[in-house]
Amino acid sequence: MGCRSGPSTILACLLLLRPLASPACPAACRCAAGEVDCSEHALSEVPKSLSANTSTLWLGYNFIMVLGPHSFPALPGLLLLSLPHNRLGLIHSQALVGLGALQELDLSNNYLTVLSPETFLPLTNLAKLNLGSNRLGELEPGVLRSLPQLRALHLQDNPWVCSCSILPLWRWLGHNREKQCFSLPEKSLLLCRVPELLNKYPIMALGNESFRQCQETSLSTTHYIAFLIIGPFSFMASIFFCTFMGAIIVIYNNLHKEHRFWRRPRVFRGR
């Protein structure tokens, strides 16, 4: 059916022939061919109106402090996420859900002090992780074990506490740095900050003897829980046992006295 002449019909035909609008770009960002650049716009949160076909997202040099649950819309094609130079101090365990294709994550130059192993569980394809220049004193081994495809890791310029708490990270690094497919860039900058005696001492220069005491005395969480349960239980059981035995002894002594009283010979004196 053709378009008949007339102002209204011509306008309708022009609207039908107009190409479909491309997905909206957030107001504070620049978008081109799947790349979204939201850097240096004083953002306090992740923009919500991101296109599902976004492959690269730049969010550096903003004021994002927290990544809460589901901070990102579903971005099945996102390969690179860059969040350096924010004020990020907390990442919720469900913050990165929906980013399963992500291959590179930059969290450097933030205020992170602790990371939960659950945080990175959705990132099964992550190959490069940058945690440099944060405030990490230790790193749970589960954080890195949840990243099976990890090939490059940046950990420099963190205030590492070189005590027993650093042992899991030391073991993980020692096990993986020999792999040809894994690289630890700038590993010479992985330095102890605490204690003062080891300040600026390379973590990977520590030997087995440095952790001998930790290996001999370290207990798992299960052991501590068992001690917390067994301790009060043993205390109550000992009180009950002592009370029971005391009662038995008292009853026995009373019965013994009564038995002796009835067996005592009676002497009758005449007048």
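**Figure 1. Two salt bridges turn up when the whole structure is searched.** A salt bridge here is a side-chain nitrogen of Lys or Arg within 4 Å of a carboxyl oxygen of Asp or Glu. Side chains of opposite charge can pair when their charged atoms come close. Please keep in mind that this is a predicted model, in which local features need pLDDT of at least 70, side-chain atom pairs count only at pLDDT 80 or more, and totals for chains, interfaces and linings use all residues. Residues are numbered from 1 along each chain as its sequence is written, and side-chain values use heavy atoms, with hydrogens and water left out.

**Figure 2. Arg-30 and Asp-37 form a salt bridge.** The closest N and O atoms of this pair are 2.9 Å apart. Arg-30 is partly exposed, at 48% relative accessibility; buried means under 20% relative accessible area, exposed over 50%, and partly exposed in between (1.4 Å probe, protein chains only).

**Figure 3. Glu-104 and Lys-128 form a salt bridge.** Here the closest N and O atoms lie 3.9 Å from each other. Glu-104 belongs to strand S7 (residues 104-106) and Lys-128 to strand S8 (residues 128-130), so their pairing ties together parts that are 24 residues apart in sequence. Helices (H or I, at least four residues) and strands (E, at least two) are DSSP runs, numbered from the N terminus. Both partners are partly exposed: Lys-128 has a relative accessible area of 32%, and Glu-104 has one of 28%.

Figure 4. Over residues 24-56 the chain is 0% helix and 21% strand, and the end C-alpha atoms are 16 Å apart.

**Figure 5. Ala-52 sits in the loop between strand S2 (35-37) and strand S3 (56-58).** Ala-52 is partly exposed, with a relative accessible area of 47%. Leaving aside residues up to four places away in sequence, Ala-52 touches Ala-74, Leu-75, Pro-76 and Gly-77, where contact means heavy atoms within 4.5 Å. Gly-34 is 18 residues from Ala-52 in sequence, and their C-alpha atoms are 9.0 Å apart in space.

**Figure 6. Asn-176 lies in helix H3 (residues 167-176).** Asn-176 is buried, with a relative accessible area of 8%. The Asn-176 side chain reaches the backbone oxygen of Trp-172 at 2.8 Å.

Methods:
A polar contact is a pair of N or O atoms within 3.5 Å; within protein, one must be able to donate a hydrogen and the other to accept it, and residues adjacent in sequence count only if both atoms are side-chain atoms.
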